[in-house]
Amino acid sequence: MDSVVTEVAYGLEIKKIKEITELPFPVRQDSPLTKVLPADLKTKDNFVARDPDLLRLTGSHPFNCEPPLSKLYDSGFLTPVSLHFVRNHGPVPHVPDESISDWEVSIEGMVEMPYKIKLSEIMDQFDIYTTPVTMVCAGNRRKEQNMVKKGTGFNWGAAGTSTSLWTGCMLGDVIGKARPSRRARYIWMEGADNPANGAYGTCVRLNWAMDPERCIMLAYKQNGEWLHPDHGKPLRVVIPGVIGGRSVKWLRKLVVSDRPSENWYHYFDNRVLPTMVTPEMAKSDDKWWKDERYAIYDLNLQTIICKPENQQAIKISEDEYEIAGFGYNGGGIRIGRIEISLDKGKTWKLTEIDYPEDRYREAGYFRLFGGLVNVCDRMSCLCWCFWKLKVPLSELAASRDILVRGMDERMVVQPRTMYWNVTSMLNNWWYRVAIIRDGDNLRFEHPVVANKPGGWMDRVKAEGGDILDDNWGELNDKVEQSERKPRADEDIEMMCNPEKLDVIIAYSEFEAHKNSDTEPWFAVKGHVFDGSSYLADHPGGAQSILMVSGEDATEDFIAIHSSYAKKLLPPMHLGRLEGVNSVTKVESIKENVKREVLLDPRKWHRITLAEKVIISSDSRIFKFDLEHPEQLIGLPTGKHLFLRLKDSSGKYLMRAYTPKSSNSLRGRLEILIKIYFPSREYPKGGIMTNLLENLQVGNQVEVKGPVGEFEYIKCGHCSFNNKLYQMKHFVMISGGSGITPTYQVLQAIFSDPDDTTSVHLFFGNKKVDDILLREELDYLQDKHPEQLKVDYALSDLRHVQKGWRGIKGRLTFNILDSYVRGKNAGEYMLLVCGPPGMNCVVENWCKARKLDKQYVVYF
Ligand code: MTE
């Protein structure tokens, strides 16, 4: 029921303030947390109930956490208190409920009338407001910077941000009562906690505190409940639009001053030092920290992709997919546009933005949780916004990544490049989600996973890619670039005993140490360590090691241990755990065995020769067993894969091939290969094909892929060089074994009854015996006479026998002219896979007929 009451705010009498019970905009109250988790029982925070879903970023203590990104997004505009990120530098002060109202704060420094005030008096003496505010930790997205080069801070993913309805008074009112000096410029704030370097404190500008647009509060309620201990119970500062580090929790003291705070945490935290300052320089010279120009106050512009989620798989179809996420900015400045790019930043698409905060603004004045909601008094944007855009799935399928960037009202735009800095704060380069093709599915990779390995940065780094290069370190399809040396892992170099690097520990042996009290074996980055010799000396007690016995301890170990601790590990190193590498986890052993799709563009996988079928004097079908009978090859139509083999000197040789078998075949891969035997002209013959010829059943080869710029999607839809096309007709020009990619596309077209695309194929060979897949091609032509026309051509006229009904001779301009006669440019595409001479004819013809390059694919 709405009722009309009168309220006073900023000294003005405001009429018609509604007491609202049903709100027309997002507001939520949560059920309070009641359970103390086992991880906290042994710490000083053993009275704080927490949500088990929160991702712990620094082990169990101090408590620093963020929610899973998708949960944060799904919970909407207001984050439940239980999921709100937490940043504590030390133990949480214990304030029993009975003493909340007696909590006292002192106001001192350059003021005419210093005073102390209890929380109950604050609630009585000052106007009380309720307002939605988005808080953000300056370290949000820090892990991405740490992946490039480790700085001084611990890892944060992209969910170090949350929004709540805060209730309290204005900091300006409390300071105003003490009458600050005209020379005063800053307000110092200090908390009651006692982390390692003394009470946490920092400062904010005095004029900001006096500015209603900035809305700086002393809050005692969050989403209608008394503050949770992690968020500053019973009283904290809330500074909207400014990094969370300035919003002091468990507030005890306010000091008005003419200079910035001299608290240890003000100097040595929450700064973006110049990019050339290394951790060593920062450690050895305080001048970097004491330069107030590098202190951060206002947040910078940020946009994050939440949908698709990390590792989400989406089946490719003709449907649309809605990409979505959130954005926030500092200083009350509105984000004016959020754009996404599917072509690496060449072109951008405008997304639709929703600003839920505006619904509070539009609602006028009303009371909520005992405070006046007066968002309508402000122009400033103090909350995050949500954006979305629908794109056809086929467009995502043709793209390698989704990029997002924002631009604010001042036309400040998010940067393409990362500004690496030693504290790794305010990281806001374009958020990139990589798109991986897994058979018929698209799989998405966010940059990092907050508290464990994963994400495209981990993958790219493990492959030796440079995250900061112009393709985010990703491989492209060039053979040369696929041969990169994986970069050495610094952690492994520090932790491992070089002599044990080749020792393999069986998983069963490792698992036998689960819950062992005497021989705690644990794994870090795929290596096994025996912690028994360190039980007595571990600073956190034996329990810290016993807790992870028989388990993967990578996350906590890497998150909280310094290089000093890592260097203690070599004497405990036992060897490498079977089936696990430095980026995968122990749990992935089982997954590894049962991978659904064989091909991975970044990793070589082994397949085993099961059968070799001799189909002519020099042509063979090699049939390989995949890793398990249910596995799919995962090769989009039109793309190829690499086969890799070692020659007798141990040197790798690799070539691209297109399988003969269809993509839906499980457990098997069949490749048709023409062997180039040694001859007088070529004494060595084809080295790769001869190595293949000498393979025995049971031998293994390595495969990687898919590669190639062309893909046939379905019903004439195809992508080429990341652009989508729809074709009515294909002219296919194949020579010799170049029929294999062509045949893949034919198979896809003619296995789909809805596909009406027509094809004219010119298939050139020297002599009749050389024609591969003739039976299969004739069969397709007989079944689809309206759609498919195959012209066989023989170039060696000496071998053309009587009765040959195909073409005699090589490909000519006339032939090509006849294939496209009556067809409009843009409706047909040429797919070419032949020897250089044949490709050259096509190239010259295209030039002469002015056919655009985008319509000619050379496999
Ligand atoms: N206040 C005190 N007294 N002690 C702290 O450790 N951490 C700061 C700030 N206020 C901190 C503090 C940091 S760095 C951040 S990001 C915010 O609190 C986090 O607030 P939250 O834990 O409520 O999300």
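Reader: What makes Tyr200 buried rather than exposed?
Author: In this predicted model, the relative accessible area of Tyr200 is 9%. Buried means under 20%. Tyr200 therefore counts as buried.

Reader: How do you know whether Tyr265 is buried or exposed?
Author: Apply the same cut-off of under 20%. Tyr265 has a relative accessibility of 4%. That puts Tyr265 among the buried residues too.

Reader: How many aromatic pairs does the rule give?
Author: The count comes to 22. One of them joins Tyr200 and Tyr265.

Reader: Why is the aromatic pair of Tyr200 and Tyr265 called tilted?
Author: Their ring centres are 5.2 Å apart, and the limit for a pair is 6.5 Å. The planes make an angle of 35°. Stacked needs under 30 degrees, edge-to-face needs over 60, and the rest is tilted. At 35°, the pair is therefore tilted.

Reader: Which parts does the pair of Tyr200 and Tyr265 tie together?
Author: Tyr200 sits in the loop between strand 10 and strand 11 (201-205). Tyr265 belongs to helix 7 (residues 264-268). These parts are 65 residues apart in sequence, so the pair ties them together.

Reader: What makes the pair of Tyr712 and Phe730 edge-to-face?
Author: The angle between the planes is 70°, and edge-to-face starts over 60 degrees. The centres are 5.8 Å apart, within the 6.5 Å limit.

Reader: Where do Tyr712 and Phe730 lie?
Author: Tyr712 is in strand 39 (residues 710-714), and Phe730 is in strand 42 (residues 729-735). The pair ties together parts that are 18 residues apart in sequence. Both Tyr712 and Phe730 are buried.

Reader: Which residues form one aromatic cluster with Tyr200?
Author: The cluster holds Tyr200, Trp264, Tyr265, Tyr267, Phe268 and Trp289.

Reader: How do you know that the charged end of Arg252 sits over the ring of Trp103?
Author: The charged end of Arg252 is 3.7 Å from the ring centre of Trp103. The distance limit is 6 Å. Arg774 gives another case: its charged end sits over the ring of Tyr792, 4.8 Å from the centre.

Reader: Why is strand 19 described as largely enclosed?
Author: Five of its seven residues are buried, so the rest of the structure largely encloses strand 19.

Reader: What is the order of the strands in the open sheet of six strands?
Author: The order is 17-27-26-25-19-20, with antiparallel pairing. Strand 17 and strand 20 (349-350) are the edge strands, as each pairs on one side only.

Reader: How do you know that strand 19 and strand 20 pair?
Author: Two bridges join strand 19 (residues 335-341) to strand 20. Pairing needs at least two bridges, so these antiparallel strands qualify. Ile340 stands opposite Lys349. Glu339 stands opposite Leu350.

Reader: What makes the peptide bond from Lys307 to Pro308 cis?
Author: Its omega is near 0°. Pro308 lies in the loop between strand 16 (302-307) and strand 17 (313-315). The bond from Gly705 to Pro706 is also cis, with omega near -5°. Pro706 is in strand 38 (residues 700-707).

Reader: What is the phi of Gln311?
Author: Gln311 has a positive phi of about 70°, yet is not a glycine. Gln311 lies in the loop between strand 16 and strand 17.

Reader: Why is Gln311 called partly exposed?
Author: Its relative accessible area is 40%. Gln311 falls in between, so it is partly exposed. Arg179, at 46%, is partly exposed too. Arg179 has a positive phi near 55° and is found in the loop between helix 5 (171-177) and strand 10 (186-191).

Reader: Where does pLDDT stay under 50?
Author: Over residues 1-16. Where pLDDT is low, the predicted coordinates should not be read in detail. For the chain, the mean pLDDT is 90, and 93% of residues reach 70 or more.

Conventions: Residues numbered from 1 in each chain as written. Predicted model: local features only at pLDDT ≥ 70, side-chain atom pairs only at ≥ 80, totals over all residues. Heavy atoms only, no water. pLDDT = per-residue confidence, 0-100. Contact = heavy atoms within 4.5 Å. Helix = DSSP H or I, 4+ residues; strand = E, 2+ residues; numbered from the N terminus. Buried < 20%, exposed > 50% of the residue type's maximum accessible area, 1.4 Å probe, protein only. Phe/Tyr/Trp six-rings, centres within 6.5 Å; stacked < 30°, edge-to-face > 60°. Lys NZ or Arg CZ within 6 Å of the ring centre and 35° of its normal.
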